[in-house]
Amino acid sequence: MTLAPIKMADMLQPDSSSLQLPGDRLSAPSSPATARNDCGITPLTPSPSPMVEVKPRMSHPFSVVVAIDFGTTSSGYAFSFTQDSDAIHMMKRWEGGDPGVANQKSPTCLLLTPDLRFHSFGFAARDFYHDLDPEEARHWLYFDKFKMKIHSTSDLTMETELEAVNGRRVRAIEVFGHALHFFREHALKEVKDQSSSVLEGEDVRWVLTVPAVWRQPAKQFMREAAYLAGLVSRDCPEQLLIALEPEAASIYCRKLRLHQVLDLSLQPIANGFDLEGSRPFDSSFRQAREQLRRSRHSRTFLVESGTGELWSELQTGDRYIVADCGGGTVDLTVHQIEQPQGTLKELYKASGGPHGAVGVDLAFEAMLCQIFGEDFILSFKAKRPAAWVDLTIAFEARKRTAAPGRANALNISLPFSFIDFYKRHKGQSVEAALRRSNMNIVKWSSQGMLRLTQEAMNELFQPTIDKIVKHIEELMAKPEVCGVRFLFLVGGFAESPMLQRAVQRAVGRTCRIIIPHDVGLTILKGAVLFGLDPTVVRVRRCPLIYGVGVLNRFVEGRHPRDKLLVKEGREWCTDILDRFVCIDQSVALGEVVRRSYTPARLGQRKIIINIYCSSAEDVAYITDPGVRKCGTITLDLPEPLPVPGGAGAGGGAGPERREIRATMQFGDTEIKVTAVDVMSNRFVRASIDFLSN
């Protein structure tokens with residue numbers, strides 16, 4: 001379907017700020033107030049969306065793809081040269097990493113000096129902050145797990161602030177910019193060291209991962225942070241791709257080798273253990289880690305070459321779920337492998353929520369508040385911030401070893417400053433506080449440790465695990481998801497035997513539970529593959545309704561009287577939501593939605609169009625509950641070209657009736673807009689902004 005033909009002589013002008021095409025389903029600006037806010041925009045296309053047109057992607061001859069997996073608890077990067085795209089290079093071990101752990105990712109923590117300059121990131125930031133004198137540490141700004149703020153902030157803007165451990169606040173965009181700049185410098189140095197040719201900035205394609213459940217403002221925020229960090233220039237936006245984390249994992253899972261797969265369905269499980277009852281079913285992970293530890297003396301980088309026998313269970317046409325269980329969020333995506341190219345088609349819109357491993361950390365903090373008092377914990381965090389970080393690190397290390405059916409207690413060392421601070425603050429010992437709390441599931445060790453029984457660990461893990469399992473079960477009950485053969489568990493939290501056992505018990509009889517061996521790096525590797533071929537996910541599902549507010553002819557009995565607007569004797573219905581796309585609508589890569597607008601005034605240089613969104617399906621007006629303004633499209637109009645024959649050519653009113661055709665793409669990981677001046681066929685500078693509400 002193409003645009004309705006525009007006859008200038010037939011156009012109506014209900015008021016000075018809007019123009020209208022005749023016809024039953026007409027589009028114009030919303031109410032007069034809205035029209036004024038929108039700079040007098042005038043939609044020329046009828047309300048039904050034009051049919052899509054597939055536009056081929058322009059490929060840029062990038063030499064290398066660098067992916068940054070920016071996680072809540074840990075982050076890392078990997079890269080691949082386009083000339084040798086089967087080989088993925090990954091950090092082998094970060095400097096300052098923890099002993100006994102395969103530190104291929106770095107903790108997502110960042111340290112700023114007291115005068116707000118960048119100091120360090122990752123292990124270096126954590127260790128330097130830990131070693132500071134307690135009084136000095138109070139002046140430094142330490143940020144930990146700060147990615148969660150982007151997910152939890154409903155009104156995210158460029159001015160949104162993050163709070164450091166010491167209580168000082170800094171603009172979030174600056175903190176993220178510092179972190180991405182750190183990865184940029186680290187990655188470019190490594191890429192150049194391993195490249196035989198001289199690389200320029202434009203030779204690198206960057207990929208940033210975000211949760212699939214993130215909305216457009218959060219995605220745009222990460223792009224703005226990348227611009228600030230110098231990853232790419234605003235003039236070359238295509239040099240940066242935003243990858244959705246479970247999508248990236250899905251792309252990688254299609255290429256798994258036989259030796260990289262742990263199939264929980266083949267593990268003879270009895271109450272979370274093998275039949276001998278002695279070995280939790282994460283032993284294969286330990287073997288993989290042991291291989292890493294043995295090879296540590298070699299290079300800094302590991303190269304995955306894509307060799308070995310393919311895991312051939314996944315066939316064309318198969319449907320599967322990827323459950324990305326990370327530190328901050330749980331993301332669920334359902335894909336089908338298409339024939340004949342093996343591209344991916346999303347079967348149901350991304351779902352999930354803030355139910356990552358951080359939930360276990362928060363439960364531990366709540367337990368400490370219950371034992372020692374919330375006032376004390378808040379005071380300790382404020383006055384001994386480095387010691388508090390030390391305590392959270394100790395818990396994190398022990399949390400990883402928690403397994404179902406574990407007989408012995410988990411010991412968590414309390415920093416000496418915690419024990420001393422409590423005695424001075426409360427006038428009694430930590431042991432006395434534990435006895436007084438009547439919390440029998442936590443014991444005290446004379447060696448200065450809290451001993452958490454299996455019951456205590458279950459209490460910490462269960463609420464978060466229950467939410468994850470509930471999400472998976474609800475998704476699998478959807479008719480669109482029937483026939484799923486596999487569930488891939490990925491992300492750092494997927495390493496937890498506690499979570500593995502719970503998921504296997506819940507859905508193990510319905511589908512096979514598959515865990516890649518390098519489960520914490522699955523997203524990172526998949527993001528590299530996505531950067532090499534961004535067309536691999538061919539069809540996505542739209543998570544929300546998107547549209548604009550328009551005027552349509554008022555129909556008695558169909559439209560409410562309070563929406564009636566009378567202009568020059570004609571009746572209009574205001575505030576109608578003209579939908580671009582609907583919830584869970586399948587949108588193919590490259591499909592476009594078109595709308596045409598015309599400036600209301602001669603010489604107008606800018607058109608601003610408000611975009612509305614909703615997660616409810618039964619909405620008709622932009623004023624309905626659940627509909628909110630989520631962004632704006634701005635069209636910067638160039639000077640019109642002179643018309644041959646002067647202003648009177650074509651019937652007198654021609655030259656000022658310019659048609660600006662806006663084209664929107666909803667099938668990519670970000671919403672994109674382009675525009676063209678139809679008369680001159682010149683491109684119009686078009687931008688879409690979700691961060692300025």
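Predicted model: local features only at pLDDT ≥ 70, side-chain atom pairs only at ≥ 80, totals over all residues.
**Helix packing**

| Helix pair | Distance between axes | Angle |
|---|---|---|
| H7 (residues 245-253) and H16 (residues 522-532) | within 7 Å | roughly 80° |
| H9 (residues 358-372) and H10 (residues 374-383) | 6 Å | about 120° |

Take H7 and H16. Their axes cross at roughly 80°. The two helices are therefore roughly perpendicular to each other, since angles of 65 to 115 degrees count as such. On the H7 side, the contact is made by Glu245, Ala248, Ala249, Ile251, Tyr252 and Cys253. H16 brings Thr522, Ile523, Lys525, Gly526, Ala527, Leu529 and Phe530. By class, this contact has nine nonpolar, two polar and two charged residues.

Now H9 and H10. These helices pack at an angle of about 120°. That angle makes H9 oblique to H10. H9 contributes Glu365, Leu368, Cys369 and Phe372 to the contact. From H10 come Glu374, Phe376, Ile377 and Lys381. Five of the contact residues are nonpolar and three are charged, with no polar ones.

**Cavities**

Rolling a probe the size of a water molecule over the atoms shows where empty space is left. A search of the whole structure finds four cavities of 30 Å³ or more. The largest cavity holds about 290 Å³ of space. It is lined by 22 residues. Closest to its centre are Lys219, Leu244, Arg541, Pro543 and Asp668.

Which elements give two or more residues to this lining? They are helix H6 (216-229), H7, strand S18 (344-353) and strand S24 (537-541). By class, the lining has 11 nonpolar, three polar and eight charged residues.

**Salt bridges**

The structure holds 36 salt bridges. One of them joins Asp69 and Lys105. The closest N and O atoms of this pair are 2.9 Å apart. Asp69 sits in strand S3 (residues 64-70). Lys105 lies in the loop between strand S5 (88-91) and strand S6 (106-107). The two residues are 36 residues apart, and the pair links distant parts of the chain.

Methods: Residues numbered from 1 in each chain as written. Heavy atoms only, no water. Axes fitted to C-alpha atoms, helices over the stretch in contact; angles between N-to-C directions. Helix = DSSP H or I, 4+ residues; strand = E, 2+ residues; numbered from the N terminus. Parallel < 35°, antiparallel > 145°, perpendicular 65-115°, else oblique. Contact = heavy atoms within 4.5 Å. Nonpolar A, V, L, I, M, F, W, Y, C, P; charged D, E, K, R; others polar. 1 Å grid on protein atoms, 1.4 Å probe; cavity = no way out; pocket = protein on both sides within 12 Å on 5 of 7 lines; lining within 4 Å. Points joined across faces, edges and corners; volume = space filled by probe spheres on them. Salt bridge = Lys/Arg side-chain N within 4 Å of Asp/Glu carboxyl O.
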